[in-house]
Amino acid sequence: MSVSVQRGDFDPGRELESLLEGRRDIGGVVSFVGLVRDFSEGSGVGALTLEHYPGMTEKALEKIEREAHDRFDIDATRIVHRHGRMEPGERIVLVIAASSHRGEAFRACEFLIDWLKTKAPFWKSEETPEGARWVEARGSDENATRRWDDEG
Amino acid sequence: MKLLYFAWVRERTGIHEEDYDLPDGVATVADLVEHLRGRGDGFARAFADTGQIRAAVNQETAGPGDAVAQGDEVAFFPPMTGGRA
């Protein structure tokens, strides 16, 4: 289990290798990479800035990671989340879940990213032709999180 | 106590972080919101719609009824919107 919150970019391949180094018990690894899109809600997006709550962010991500380990039969996880200003095409977030069996790795990876969206203290501001705007929380993200509560 | 504001709550209050004396009669997050709302236009706008305000006490998510005390770190912010893709 490990979590990084950082300004700079990350290398998904290197993160994957380092998570699996020396392991012989892993049968499957699932990773998710979130990217900056150049559109949102009908507007072009030139860039976005992610603000976060240093200290609480790390704690929240570690809690989400522990929750995933409680719920799924997984053997290793890694979360890397960037903050600051990013342009379309840039990587924002990486989630990796590794398990002896692929099914648990798939489910844990999806759980991690769903929970991260609504339970980690990040706020997104988009630069659009109409000016900068704060992204509002979306019902679909909260629904995706609640789905896991129902299965809980 | 330490008060922190993030995203548009920070923009409206005009403050990111401040040291603040726990006001008389403030025992909960909701009390504190009510008190802060009276601190001027920016604060009134920041806390106008409490349905859009989330809080954390000592870096743990907190609800309106949760206790606040002198020495606590209390943060106010909009619903979280990170990692959306």
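This report describes a predicted model of a complex with a chain A and a chain B.

## Basis and confidence

Residues are numbered from 1 along each chain as its sequence is written, and chains are lettered from A in the order in which they are written. Because the model is predicted, local features need pLDDT of at least 70, side-chain atom pairs count only at pLDDT 80 or more, and totals for chains, interfaces and linings use all residues, while side-chain values use heavy atoms, with hydrogens and water left out.

The predictor gives the complex an ipTM of 0.91 and a pTM of 0.88. Chain A has an average pLDDT (the predictor's confidence in each residue, from 0 to 100) of 91, and 94% of its residues score at least 70. For chain B the mean pLDDT is 94, with 95% of the residues at 70 or more. Helices (H or I, at least four residues) and strands (E, at least two) are DSSP runs, numbered from the N terminus.

Helix 1 of chain A covers residues 12-20. At its start, a side-chain oxygen of A:D11 comes to within 3.0 Å of the backbone nitrogen of A:G13. A:D11 also meets A:R14 in a salt bridge (4.0 Å, N to O); the term means a side-chain nitrogen of Lys or Arg within 4 Å of a carboxyl oxygen of Asp or Glu. With buried meaning under 20% relative accessible area, exposed over 50% and partly exposed in between (1.4 Å probe, protein chains only), A:R14 is exposed at 61% and A:D11 partly exposed at 35%. Just after the helix, A:G22 takes a positive phi of about 80 degrees.

Helix 3 of chain A (residues 102-119) has 18 residues.

## Salt bridges within chain A

The structure holds 15 salt bridges over all chains. One of them joins A:R82 and A:E90 (3.1 Å, N to O). A:R82 is buried, at 5% relative accessibility, whereas A:E90 is partly exposed at 26%.

Another joins A:R85 and A:E127, with the closest N and O atoms 3.0 Å apart. This pair links distant parts of the chain, 42 residues apart: A:R85 lies in strand 7 (residues 84-86) and A:E127 in strand 9 (residues 122-128) of chain A. A:R85 is partly exposed at 42%, and A:E127 is partly exposed at 29%. A:R85, A:E87 and A:E127 are linked in a network of salt bridges.

## Where the chains meet

Contact (heavy atoms within 4.5 Å) involves 22 residues of chain B and 30 residues of chain A. The chains bury about 2,300 Å² between them, 53% of it on carbon and sulfur atoms; buried area is the accessible area (1.4 Å probe) that two parts lose on being put together, summed over both.

Two salt bridges run between chain B and chain A. In one of them, the side chains of B:E60 and A:K63 meet at 3.4 Å, N to O. Helix 1 (7-13), strand 4 (60-62) and strand 5 (73-77) of chain B each give two or more residues to the side that touches chain A. Helix 1 of chain B gives the most, with four residues.

Key. Expected span 1.5 Å × (residues − 1). Polar contact = N/O pair within 3.5 Å; in protein donor to acceptor, adjacent residues only side chain to side chain.
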